[in-house]
Amino acid sequence: VGRFSNYRDTIPLNHQKPNPFDKMHETVLRQYLNELNTHVANAQFTLKTFDNRRDPRVSDSLYRYAIAPDTNIVMVIDNTWGEHLQPAAATIRDQHIPVISMNADRGKGDYGDAALFIGSDDDTPQDVSAFLRRALHCHQIIFITEVDYPLHEVYQQVFTHDSVTVIQQFD
């Protein structure tokens with residue numbers, strides 16, 4: 001889910017150029033999935049993109065009517081802000097939709113165990129490990145990392161502590 005267009009803009013939605021930052025994320029995610037698909041047997045991952053138009057009502061509708069009913073969606077990477085994501089909190093919580101939020105703050109939204117809010121704080125490795133176990137119910141992962149990233153070793157320690165096995169690492 002991205003902020004490709006802006007309903008508040010004076011340019012009509014159908015004439016707006018997509019937000020380049022979100023297009024960059026989309027391109028990189030497609031590349032990651034293409035590479036991942038060459039290494040994973042019995043699965044084929046594809047990227048579906050949704051534009052919330054920077055409108056909280058659209059975000060809620062996307063989660064409620066497009067994402068929750070689609071049993072082929074295994075996880076959502078959300079690149080919207082907290083003000084856009086919070087109206088969808090009840091749907092995410094009640095439908096147990098695994099969401100990684102790249103930019104939003106949790107605020108006072110109750111997302112249950114289904115959402116992970118990533119950032120640069122020190123608790124991120126613990127949050128990721130808890131998300132893997134509670135929301136995705138997995139104990140074996142393919143880990144995409146940068147070994148020179150200061151939290152890389154912390155991730156390794158947390159995964160070991162929480163019995164999450166790295167079956168393959170891309171660095």
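User: What does the model rest on, and how are residues numbered?

Analyst: This is a predicted model in which local features need pLDDT of at least 70, side-chain atom pairs count only at pLDDT 80 or more, and totals for chains, interfaces and linings use all residues. Residues are numbered from 1 along each chain as its sequence is written, and side-chain values use heavy atoms, with hydrogens and water left out.

User: Why are H5 and H6 called oblique to each other?

Analyst: The axes of helix H5 (residues 124–134) and helix H6 (residues 152–161) cross at roughly 40° and come within 9 Å. Helices here are DSSP runs of H or I with at least four residues, strands are runs of E with at least two, and both are numbered from the N terminus. Axes are lines fitted to C-alpha atoms, for helices over the stretch in contact, and angles run from 0 to 180 degrees between N-to-C directions. Angles under 35 degrees count as roughly parallel, over 145 as roughly antiparallel, 65 to 115 as roughly perpendicular and the rest as oblique. H5 and H6 are therefore oblique.

User: Which residues make the contact of H5 with H6?

Analyst: On H5 they are Thr124, Pro125, Gln126, Val128, Ser129 and Leu132, and on H6 they are Val154, Tyr155, Val158 and Phe159. Contact means heavy atoms within 4.5 Å.

User: How do the residues of that contact divide into nonpolar, polar and charged?

Analyst: There are 7 nonpolar, 3 polar and no charged residues. Ala, Val, Leu, Ile, Met, Phe, Trp, Tyr, Cys and Pro count as nonpolar, Asp, Glu, Lys and Arg as charged, and the others, Gly among them, as polar.

User: Which residues of H5 are buried, and what do they pack against?

Analyst: Buried means under 20% relative accessible area, exposed over 50%, and partly exposed in between (1.4 Å probe, protein chains only). The buried residues of H5 pack against E2, strand E3 (115–117), E4 and H6.

User: What makes the span of H2 close to the expected one?

Analyst: Helix H2 (residues 56–67) has 12 residues and reaches 15 Å from its first C-alpha to its last, close to the 16 Å expected. The expected span is 1.5 Å times one less than the number of residues. Buried residues of H2 include Pro56, Leu62 and Ile67, and among the elements covering the buried residues are strand E1 (76–78) and helix H3 (82–85).

User: Why is Arg53 called partly exposed, and where does Arg53 lie?

Analyst: Arg53 lies in the loop between helix H1 (20–39) and H2. Its relative accessible area is 37%, so Arg53 is partly exposed. Arg53 also has a positive phi of about 60° although it is not a glycine.

User: Is His137 buried or exposed?

Analyst: His137 counts as exposed because its relative accessibility is 62%. His137 sits in the loop between H5 and strand E4 (140–144), with a positive phi of about 55° although it is not a glycine.

User: How do you know whether Phe170 is buried or exposed?

Analyst: Phe170 has 17% relative accessibility and so counts as buried. Phe170 belongs to strand E5 (residues 165–170). Leaving aside neighbours within four places in sequence, Phe170 is in contact with residues including Glu35, His39 and Phe143.
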